[in-house]
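Dear colleague,

Please find below the structure that I am handing over to you.

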Amino acid sequence: MKIAIDAMGGDYAPEEIVKGSISSLKERNLEIILLGEEKRIYEELKKYNFKNNNLSIINCKDTITTGEFPLSALRTKKESSILVGIDLLKTGAADAFISAGNSGAVMAAALLKLGCISKIRRPAIVTVLPAIKGKVVILDVGANVDCKPEHLLQFAFIGSKYAKYLLNIKDPKIGLLNIGEEESKGNKFAQSAYKIMNNANINFIGNIEGKDVFEGVVDVVVCDGFTGNILLKFSEGLAKMLLIEINKKVISQLPQNQEMDQLKQKFMELVKRTDYTEYGGLPLLGVNGLCFICHGRSKSKAISNAIINAGKFVDSNILEHLKET
């Protein structure tokens with residue numbers, strides 16, 4: 001298994017990218033290809049006195065920065081780490097590609113170079129959030145801010161495959177995020193999407209409201225990328241605020257004893273469930289290749305977990321299952 005990584009992408013590249021890559025090799029047996037400025041990557045590797053045949057470097061002359069316009073950058077920077085990584089996917093020289101760099105450029109390159117899987121017109125960025133009754137798959141969370149109702153049906157298929165083959169949910173329940181449960185609720189877009197999904201061969205249970213997402217009443221929540229991105233970032237911000245307040249006003253005030261230590265351990269388990277660094281990167285599913293988009297502020301822990309998580313996707317054979325859609 002070979003994982004290609006954009007070593008120049010993100011706020012802390014290449015230092016944290018290299019560090020995270022080395023860490024992942026201690027956890028899992030795989031091959032890593034670091035893409036970027038060869039000299040700078042070698043300088044980072046020297047810090048760890050790291051010698052491993054499972055790590056290689058491909059020198060890339062260009063780097064697409066976060067602020068660049070994606071299509072313009074892709075046209076002018078033909079030898080960027082992002083384009084080289086996507087090309088490795090296309091030729092089969094890599095099984096997955098990970099970048100914490102310009103997410104728009106990653107998505108554009110994936111669409112232009114890899115194309116979409118048959119019957120899927122729009123790929124989606126997928127996340128998994130904790131719920132009272134387990135986990136919930138949410139898509140799209142940012143790839144498509146403008147959608148047609150039929151695209152949401154494609155997202156439902158993608159999310160269903162994700163839940164089935166990565167979360168081991170036999171027949172995932174699918175819900176459409178809306179402002180009410182009734183079929184007539186929402187704008188024309190939501191009403192049309194409801195009709196399309198209700199007539200499809202999926203386990204569609206109908207509309208769900210925002211309050212239902214974390215109840216776990218469904219396994220897959222479908223929405224457009226504009227709404228999904230707001231939902232994701234709102235939930236991340238709310239979780240962070242609540243955890244900080246609980247720690248400050250409750251956990252930190254507890255006495256030091258064995259019972260309280262156990263309670264603090266449970267609290268840390270809750271923190272872990274809401275920490276984006278635990279999953280590292282989000283998959284862009286629907287294109288003919290496994291692409292993962294990481295936070296621009298990702299450090300070594302997030303990168304390491306993104307690599308390990310990418311390996312799980314390769315193992316699941318999710319691409320072939322999506323082609324069955």
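**The second largest pocket**

Helix H8 contributes the most to the lining of the second largest pocket, namely six residues. Please note that this is a predicted model, in which local features need pLDDT of at least 70 and side-chain atom pairs count only at pLDDT 80 or more, while totals for chains, interfaces and linings use all residues. Residues are numbered from 1 along each chain as its sequence is written, and side-chain values use heavy atoms, with hydrogens and water left out.

The volume of this pocket is about 470 Å³ (the space filled by probe spheres set on grid points, which are joined across faces, edges and corners). A pocket is defined on a 1 Å grid over the protein atoms alone, as an open set of points where a 1.4 Å probe fits, with protein on both sides within 12 Å along at least five of seven lines; lining residues have an atom within 4 Å of a point. Among the 26 lining residues, Ser103, Lys233, Ile293, Cys294 and His295 are the closest to the centre of the second largest pocket. Two or more lining residues come from each of helix H5 (103-114), helix H8 (225-249), strand E10 (281-285) and strand E11 (291-294); helices (H or I, at least four residues) and strands (E, at least two) are DSSP runs, numbered from the N terminus. Domain 1 (2-120 + 276-324) and domain 2 (125-237) each supply at least three residues to this lining, the bounds being those of an automatic or database domain assignment.

**The sheet**

In what order do the eleven strands of the open sheet lie? The order is E3-E2-E1-E4-E11-E10-E5-E6-E9-E7-E8, with mixed pairing; two strands pair if DSSP finds at least two bridges between them. At the edges are strand E3 (55-59) and strand E8 (204-208), each of which pairs on one side only.

Strand E5 (residues 124-131) and strand E6 (residues 134-139) are antiparallel and share six bridges. Together, E5 and E6 make a hairpin, with two residues between them. Within this pair, Val128 has Val137 of E6 as its bridge partner, and Thr127 stands opposite Ile138. E6 also runs parallel to strand E9 (residues 220-222), to which three bridges join it. There, Val137 has Val220 of E9 as its bridge partner.
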